[in-house]
Amino acid sequence: MAMGREEVSPQDFKTTKNDWIQHAKKNKIRLPQGSFTDFEWKDYCPAVFRNILELEKIEYADYMLSICGDETLREVSSPGRIGNVIFLSNDNRFVIKTLRKSQVKVLRDMLPKYYQHLKKYGSSLLTTLYGLHVVRPVGGTKVYFVGMSNVLQSDLHLHRRYDLKGSSRGRNFNKVIVHEEIIYKDIDLDFYFYLDPSLRNKILSQLKYDCEFLEAEGIMDYSLFLGVHIDASSCQDSLDRRNSVSGTRTTRHESPEFTVAGILKHNGRLGAKLPANAVRTPRNEMGIVSSPSRVRVPECYNVLLYFGVIDIFQNYNVIKRLEHAYKSIQYDSKTISAVNPKVYSSRFQDFLSKVFLAREST
């Protein structure tokens with residue numbers, strides 16, 4: 001990431017800016033009552049988020065055009081929504097997520113340290129936050145939402161999407177569909193991903209820094225959102241090499257653009273278009289993945305991975321503490337999602353270190 005043009009001040013983390021979003025008459029949004037309306041709009045910490053956009057080399061005007069369209073405002077302001085609502089901007093660049101007021105407070109409290117973290121770690125795997133807003137249709141209810149990076153943005157088809165927390169209790173596919181795509185979870189993951197050793201080390205090191213930040217801010221319940229593109233044309237080649245260390249040796253992806261420096265230069269961030277070998281291994285009835293070395297004929301594929309750490313607005317509040325106490329009576333506390341930030345961070349990193357393995361050189 002490049003440095004923003006102007007450094008922000010402590011006051012910039014407290015300021016807000018109010019505006020009106022007024023559409024031409026033919027484009028005004030019809031509410032369920034049948035009336036048309038404009039929107040009262042508030043930006044939180046606008047100078048801070050402007051600088052973050054500059055760090056990512058995104059034009060402020062482009063961002064606003066993407067998230068202020070009629071369809072976006074209609075989605076955000078639609079009555080009857082329960083819980084957080086997540087959807088994509090029309091150009092697929094940004095994720096818009098509605099927030100509870102308590103989550104807005106968490107975000108604002110951590111924003112100064114988050115901003116410094118992004119500046120320090122240009123290869124951070126945390127989802128990038130581009131704006132925090134509140135919108136209210138005339139005569140309607142306030143809705144808080146955040147605009148952030150789409151960590152799975154890709155010009156390739158992603159054959160699988162996973163939401164991974166490192167816990168197992170209730171962490172399997174249960175008809176979770178986002179934008180007509182199935183979102184699988186931890187228990188559904190039946191792949192090991194073999195990466196270049198230097199790339200794996202970089203990823204795990206960056207995850208450590210990111211998790212240390214989240215732990216210090218009291219954040220838990222986050223996920224690694226992982227998308228997998230399978231290179232079908234090379235599947236048979238990988239299978240033909242299955243006797244060479246369970247298919248984990250390969251000479252593919254040795255050009256400079258697939259080094260750590262090359263990936264950051266060509267893809268813009270660490271968690272985008274990463275080359276890997278995916279070895280599929282069966283699970284037992286407890287949902288435990290077999291070791292690749294114990295699988296006689298594993299399926300092996302060349303893949304490209306897209307991922308980032310999402311859902312970073314949940315602190316270990318009273319509700320989560322009660323959830324932990326209640327579920328700990330019923331289940332092994334190591335398997336549930338609601339644990340304190342330190343335990344969550346450690347378990348999350350340990351889980352991913354076993355999902356992303358080092359590929360042996362030829």
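A residue counts as buried when its relative accessible area is under 20%. In this predicted model, C211 has a relative accessibility of 1% and is therefore buried. C45 is also buried, with a relative accessible area of 1%. A disulfide is a covalent bond between the sulfur atoms of two cysteines. The structure holds 0 disulfides.

C211 also takes part in a helix contact, on the helix 5 side of the contact with helix 9. Helix 5 covers residues 197-216 and helix 9 covers residues 341-355; their axes come within 10 Å and cross at roughly 170°. An angle over 145 degrees counts as roughly antiparallel, so helix 5 and helix 9 are roughly antiparallel to each other. Besides C211, helix 5 contributes R200, L204, L207, K208 and E215 to this contact, while helix 9 contributes P341, K342, S345, F348, Q349, L352 and S353. By class, the residues of the contact are 6 nonpolar, 3 polar and 4 charged.

Helix 5 has a further contact, with helix 4. The axes of helix 4, residues 101-120, and helix 5 come within 11 Å and cross at roughly 160°. Helix 4 is therefore roughly antiparallel to helix 5. The crossing of helix 4 past helix 5 is right-handed. From helix 4 the contact draws on M110, K113, Y114 and H117, and from helix 5 on Q206, Y209, D210 and F213. The residues in this contact of helix 4 with helix 5 comprise 4 nonpolar, 2 polar and 2 charged.

Terms used: Residues are numbered from 1 along each chain as its sequence is written. This is a predicted model: local features need pLDDT of at least 70, side-chain atom pairs count only at pLDDT 80 or more; totals for chains, interfaces and linings use all residues. Side-chain values use heavy atoms; hydrogens and water are left out. A disulfide is a pair of cysteine sulfur atoms within 2.5 Å. Buried means under 20% relative accessible area, exposed over 50%, partly exposed in between (1.4 Å probe, protein chains only). Axes are lines fitted to C-alpha atoms, for helices over the stretch in contact, and angles run from 0 to 180 degrees between N-to-C directions. Helices (H or I, at least four residues) and strands (E, at least two) are DSSP runs, numbered from the N terminus. Angles under 35 degrees count as roughly parallel, over 145 as roughly antiparallel, 65 to 115 as roughly perpendicular and the rest as oblique. Contact means heavy atoms within 4.5 Å. Ala, Val, Leu, Ile, Met, Phe, Trp, Tyr, Cys and Pro count as nonpolar, Asp, Glu, Lys and Arg as charged, and the others, Gly among them, as polar. A crossing is left-handed if the near helix is turned anticlockwise from the far one by less than a right angle, and right-handed if clockwise.
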